[in-house]
There are 2 protein chains.
Amino acid sequence: MKVSVLGYGTVGVGVCSMLEAAPGLELRYVLVRPGKADKPFKVTSIEEICADPETDAVAEVMGGLEPAYSYVSAALRAGKHVVTSNKALVAAHGPELASLAAEKGVGFLFSAACGGAVPFLHNLALAAESDRILSIGGILNGTTNFMLDAMQRRSMDYAEALREAQYLGYAEADPTADVSGLDALRKIMLGCAVAYDKLPCDGFSLEGIESVTAEDVKHFQAKDLVLRLLVSGGESENGSIYAFVQPCLLPASSPEASVLNNFNMAKYRGENAGDIIFIGQGAGRFPTASAVVRDISDILHGRREMMKASCVRVAADNSAVKKRYYVRLPEVCADSLPFAEKELDGNVVRGVTEEIAVTEMHAKAKELRLGGAAVFFAAMEG
Amino acid sequence: MKVSVLGYGTVGVGVCSMLEAAPGLELRYVLVRPGKADKPFKVTSIEEICADPETDAVAEVMGGLEPAYSYVSAALRAGKHVVTSNKALVAAHGPELASLAAEKGVGFLFSAACGGAVPFLHNLALAAESDRILSIGGILNGTTNFMLDAMQRRSMDYAEALREAQYLGYAEADPTADVSGLDALRKIMLGCAVAYDKLPCDGFSLEGIESVTAEDVKHFQAKDLVLRLLVSGGESENGSIYAFVQPCLLPASSPEASVLNNFNMAKYRGENAGDIIFIGQGAGRFPTASAVVRDISDILHGRREMMKASCVRVAADNSAVKKRYYVRLPEVCADSLPFAEKELDGNVVRGVTEEIAVTEMHAKAKELRLGGAAVFFAAMEG
């Protein structure tokens, strides 16, 4: 199978290198910006690739919405299989691209868009064909996991952990998409689309790691608990989809606690299979390229879809999911939540609530913060 | 796709139930023993299934070598795809069955034979097409993991842990295949065949968990180490295959340490992907059935092979792999190993060796035990 690659950045270079080494796969063209076509296999227009009868499949690793969306649409219309690592693209335009691929009878796979090398969406799609997926989730942002791990195992404060993540290239100069949980949220959107044929596009509950302090970490460690930023998704009994991102406290013996540095972990719970957990590198040139190339192999063997053409957009509803929350907030706000246990620590209260809805906790924190209160919360898991 | 099932035991009942629920899959016949065909879809001869033009695929979940080997061969010769959960069958006859399947152009997959619900062989086969697999391994026997976990987290001694495993149905009345490591060894044989196109059939180093005592566990725990029975396989620089099973000591923060109860964990290290880890239920009706049915879906999508027709049998060579070993042995034998550090504990010595070959450690333990010495050893990992 001959593959043309759109983009020659970090992941693109990795994909080209792997295609040149893999038996049965062959690198055809690489689409680069005008002026960068310094080698014979590099081209500067998507039209050349779409018109090329030798190109069987296209790997899109440019990132961003445009021109990626136009290019991927053009490739599918030209009857090329498409594999992409672009989570923003699939989160925004997945259903249209899946429909177009189905109409043209070509493959459209995007394993690398969720969890880097972690083969989550591939396995989730396969499992969903014969098992009922009860829930999905995990640690799907390596930057924040690196920071939380550094704060816990190396006693760094938030600012130090962020600086080190930036120095190592794990966090961008503007780290907002990572630390706010938005990057992880996009990945759970894709997971829901693959597992439930429903792409949640609204109604999310999103809490990142910006509120955690070194002082908080000391309190968790005294209780042998580990803090992780977890994504969760699933289908409620009424058929609505829930999807949220929030910090969670877990026992030190849990699989999540063993996910160190910038690793990712994804899991699904199948009605028959039980819990299936996947751990690996969530980013980086070769890890991400490995997922792109595995999808190409999968197409070569006959697989065509990961998101169905029938996938519909829905609003998430997180009001039916309840959790107990660890909360730290000013003493004067202590009555605003139903604490099951709490203690005074200087002028702040730390405690664990009764079970409350995810939406209620997120809304309450937002309200208190608007009033100027510093609030940290994390769901108690495991 | 219509599927006939060979065997109606624990896993067979699960497969039938999943086939009846999965869209696109349909249960056709179930082969049962004469006298057990109490329902219209049950038959008592393999010939009926082979001659049935409606049967597209056969799921063999009988276990054992015969009649499973004859039946699977007959089904492949009749042009039926075959999926099996039978590790003994694939370890003994895999290459012949893979050749026969390739000759007939049908699928032959056996994910459920290694790790139950854990989708290890499926992903390993896919990854091996485009990535160089540097090593494989993990925790592939749930019975022994349950026992080691009970000894460590619940302070049971070996006999208590075995009794509880038997009571819960995790261990058989004769637990030898599990506690000796033989069951786990068969699984790493299959892993090597999938990853390297070479099925190791001889030259193994095999050490189970029979030598560990409650006293040993106290010593590991004092050092914050966790004991697991790990399998390891890989290809040495000279092209030889190594494959061994032995107890290993790992940091409490390692992914292996988070594998509790009777769960399994498998991993591969890809040159590009890095470490990819899979965790799930390694046995049980529905977990194992879920792996069988995923393989059927995979065949429906076009995949045909997991072990290549070109797979050859080889002898394993573990002499090039070196480890540091934790060893407990009688004081009088202390000079028989190159200890880097050791301490006297009553009349036994506990210590950690310099790096020595896996074959050397296993041979030395065998020699000392023949001389009547009680020896425990575990490789230091991580």
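Copies are superposed by least squares on the C-alpha atoms of residues with pLDDT of at least 70 in both. This is a predicted model, in which local features need pLDDT of at least 70, side-chain atom pairs count only at pLDDT 80 or more, and totals for chains, interfaces and linings use all residues. Residues are numbered from 1 along each chain as its sequence is written, chains are lettered from A in the order in which they are written, and side-chain values use heavy atoms, without hydrogens and water.

Chain B is superposed on chain A by a rotation of 180° with 0.0 Å of shift along its axis, at an RMSD of 0.0 Å. The two copies are thus related as by a two-fold rotation axis. The same surface serves both copies, since 100% of the contact residues of chain B (contact: heavy atoms within 4.5 Å) recur in chain A.

Next, the sheet. In chain A, 6 strands (DSSP runs of E, at least two residues) form an open sheet in the order E3-E2-E1-E4-E5-E6, with parallel pairing (at least two DSSP bridges between two strands). E3 (42-43) and E6 (108-109) of chain A stand at the edges, each with a single partner strand, so one side of each lacks a neighbour in the sheet. Strand E2 (residues 26-31) of chain A pairs with E3(A) in the parallel sense over 2 bridges, and Val30(A) stands opposite Lys42(A) in E3(A).

Finally, the helices. Leu121(B), Leu124(B), Ala125(B) and Ala128(B) in H5(B) meet Leu190(B), Gly191(B), Val194(B) and Ala195(B) in H9(B) (helices: DSSP runs of H or I, at least four residues).
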